[in-house]
Structure formats: C-alpha cells, structure tokens
Amino acid sequence: ELLIIKMQGGPRKCEFADSNFNLPTRMDEVYKVIKEVNDDNYFTFRIEVNPEFVDEHQIAMFKEMNIREIEVGIQSTDPKVLKAINRQFNEEKVTRCIKLLKEADIGVNFHLIMGLPNQTIDSFIKSNEHLYNLGVGDKINRFLLLVLPGTEIRERAEELGLKFSPDSPNTILETKDLTPDGIAQMLKLRDQYV
C-alpha cells in the first residue's frame, strides 16, 4: 500500500495508529519493510509507542525509518489504574524512554487518559505531576476514555463499573470512582494544565 501511494505521488505523511507499534519482534519486521519502501525518505511517519520498549536501538530505527513524531501511551502512573487495564508502568523504563526521546530530536507527546477504571482525581493529578517532574509537562495530551466496541475494556465495562455514552465514540460518563461531576472536574483540571 505504501508503494502504491508513493508511485502515485500520494500523501507523504503517514501515521501508524497502533499503540504497540514498537513491540520488539514486530518492530524488527516492520523496520525491514519501511526501510525498503522508504529508502528515499518519501514518507515521514508518526507512530504510537509503548514506553516500556524504547531503547537506544529503537531510537536509531525510528530515525532510519524517518519517524518524526511519536505518541507515548503512558495512560496513568497509578499502579491500581494500570492493573485494571492490564498495563504496566515501570518508572525506570519510562524515565529512560523520556530521556532518550528528548535527546533524539523527535517530536514527542505523552498521553494520559481520563476516566480509567480505579482512577481518582487525585491519581490523575499525581500522573500529571509525575510527567511534569520528568520535564515533559508541555508535551502531555489528556483524553477522555473511549469505551470502543471490540476492546477488552468494552467487554469488561460492566465489571469495571464504566458508564459511557451509547453513541460513537462511546465517551466515558462515569466510573465506580468518578461521578459525572468528577469527570467534569477532570476536564477543568485538563484545561488548567493546558
């Protein structure tokens, strides 16, 4: 598909919307294909990464593939929240990831999600403060949870106590720990951070 786009003189920017783009074994395979297709840097890429896997080797690969922008899915720094969504937060690895990306001169944004299971206003504030303390406060994007069909979180929504809008994009409305007013308070906090 990339070759067809290139041969037809199509768009030069491409985004891979996969939060685990950089899973080590898969990235090695993707790297080979991208290097072959994009040997002339026709495309610039934007990707999403899991910070647990970012290391010096991957940074070098990002640069060789002409990846210019990276979204880092932190989601939360609260272990209780992350356990509920089957994610991890290894502070040492995340700190290393941030340091490497800052040195790499690649555009980076970090994602925090509002309205996750087990999240409180206090844990949301602490996640923001943690990233501020790592020097990336101006690079944080904060989004309301979308309880998308076909996802594990959607399948477990009742068990997790998630209430969401029935219409697409199925935005979170309430959780066991956050009332609708709590969600509104988080949105106000987000606006203050911005």
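Let's start with Asn66, which is buried, with a relative accessible area of 6% (buried means under 20% with a 1.4 Å probe, protein chains only; exposed means over 50%, and partly exposed is in between). Asn66 sits in the loop between α3 and β3, and its phi is positive, about 65 degrees, although it is not a glycine. This is a predicted model, where local features need pLDDT of at least 70, side-chain atom pairs count only at pLDDT 80 or more, and totals for chains, interfaces and linings use all residues. Residues are numbered from 1 along each chain as its sequence is written, and side-chain values use heavy atoms, leaving out hydrogens and water.

- Most residues other than glycine have a negative phi, and most peptide bonds are trans.
- Asp105 has a positive phi too, near 60 degrees, and its place is the loop between α5 and β4.
- At 74% relative accessibility, Asp105 is exposed.
- Ser168 and Pro169 are joined by a cis peptide bond, with omega about 15 degrees.
- You'll find Pro169 in the loop between β6 (163-164) and β7 (172-174); helices (H or I, at least four residues) and strands (E, at least two) are DSSP runs, numbered from the N terminus.

**Phe43**

- Phe43 is in the loop between α2 and β2 (44-49), and it is buried at 1% relative accessible area.
- Phe43 and Arg12 are 31 residues apart in sequence, yet 4.6 Å apart in space, C-alpha to C-alpha.
- Leaving aside neighbours within four places in sequence, Phe43 has contacts (heavy atoms within 4.5 Å) that include Leu2, Ile5, Pro11, Val37 and Asn66.

**Helices α2 and α3**

- Helix α2 (residues 24-37) packs with helix α3 (residues 56-64) at an angle of about 25 degrees, their axes 10 Å apart; axes are lines fitted to C-alpha atoms, for helices over the stretch in contact, and angles run from 0 to 180 degrees between N-to-C directions.
- Pro24, Met27, Asp28, Tyr31 and Lys35 in α2 meet His57, Gln58, Met61, Phe62 and Glu64 in α3.
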